Amino acid sequence: MRLSSPARLVVLVSGVGSNLQAVIDACRNGRLNASIAAVVSNRREAHGLTRARQAGIPAVYLPRPRHMEPREYDRHLANQVESYRPAWIILAGWMRLLSSVFLDRFQNRVINLHPALPGAFPGTKAIARAYQAFQHGSITRTGVMVHLVPDEGVDCGPVLCQETVQIWPGETLGELEQRIHAVEHRLLVEALSQIISSS
Ligand code: GRF
């Protein structure tokens, strides 16, 4: 029997949404005591929006109008997100930096997923950059981390979960990407489950 009511989540996506799907599935099969109140995307074509609609979750397309300053957009985004009263905000492939205007509204409640180990390859194309570093002989492994986003630092903050992924000689970038995504899907749910049950 569950003692607490499901934690409300808002998930921010910009693309494919495979991590969103992992969270949707985990909410459905009871692995996560949570419900997704809304999915928000800054990109109209984000497949994550379709996944949300298919799951009956409000899907909000919220682009930044050209005339709107980035910080003004962050205020607008924060207002929208807040209207869903989330306990946690999940950045699952959200490809836009958030300023303190957004983050200060949700202190210790924004969670990000990064396809590399803490401190490694911040920013975009982390898997490709790790793969390249492996080819140059400078690393043998990479990984995945899930962390809180306290401030404007890119892909850094208190780590909730992390897992190392060994890079195999001869594997293609596509194969490494697939293995890392599989770890992400599992680790994100694990991190959410831990933080929800301890809060
Ligand atoms: C993931 O690798 C995530 O770590 C990165 O962007 C990718 C998003 O994938 N920030 P998806 O949209 O969840 O499939």
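Me: How many residues does the largest nonpolar core have, and which have the most contacts inside it?
Reply: In this predicted model, the largest nonpolar core has 41 residues. Leu 32, Ile 36, Val 39 and Ile 196 have the most contacts inside it.

Me: Which helix gives the largest share of this core?
Reply: That would be helix 6, residues 173–197, with 10 residues in the core.

Me: And what about a second core, how many residues there?
Reply: The second core is separate and has 21 residues, including Val 10, Ala 38, Val 81 and Ile 89.

Me: Back to Val 39. What does Val 39 touch, not counting residues up to four places away in sequence?
Reply: Val 11, Val 13 and Leu 20 are among them, along with Gly 48, Leu 49 and Ala 52. The stretch Ile 57, Pro 58, Ala 59 and Val 60 also touches Val 39.

Me: OK, strands now. Which residue in strand 2 stands opposite Val 11?
Reply: Val 39 again; Val 11 stands opposite that residue. Strand 1 and strand 2 (residues 34–41) pair in the parallel sense, with seven bridges.

Me: What do the two strands make with helix 1?
Reply: A right-handed β-α-β unit: strand 1, then helix 1 (residues 18–28), then strand 2.

Me: How many bridges join strand 1 to strand 4?
Reply: Four, and strand 1 and strand 4 (residues 88–91) run parallel. Leu 12 stands opposite Leu 91 there.

Me: Why is strand 1 largely enclosed by the rest of the structure?
Reply: Because six of its seven residues, within 7–13, are buried.

Key:
Residues are numbered from 1 along each chain as its sequence is written. This is a predicted model: local features need pLDDT of at least 70, side-chain atom pairs count only at pLDDT 80 or more; totals for chains, interfaces and linings use all residues. Side-chain values use heavy atoms; hydrogens and water are left out. A nonpolar core is a set of buried Ala, Val, Leu, Ile, Met, Phe, Trp, Tyr and Cys residues joined through side-chain atoms within 4.5 Å. Buried means under 20% relative accessible area, exposed over 50%, partly exposed in between (1.4 Å probe, protein chains only). Contact means heavy atoms within 4.5 Å. Two strands pair if DSSP finds at least two bridges between them. A crossover is right-handed if, with the strands pointing away from the viewer, the path from the first strand over the helix to the second runs clockwise.
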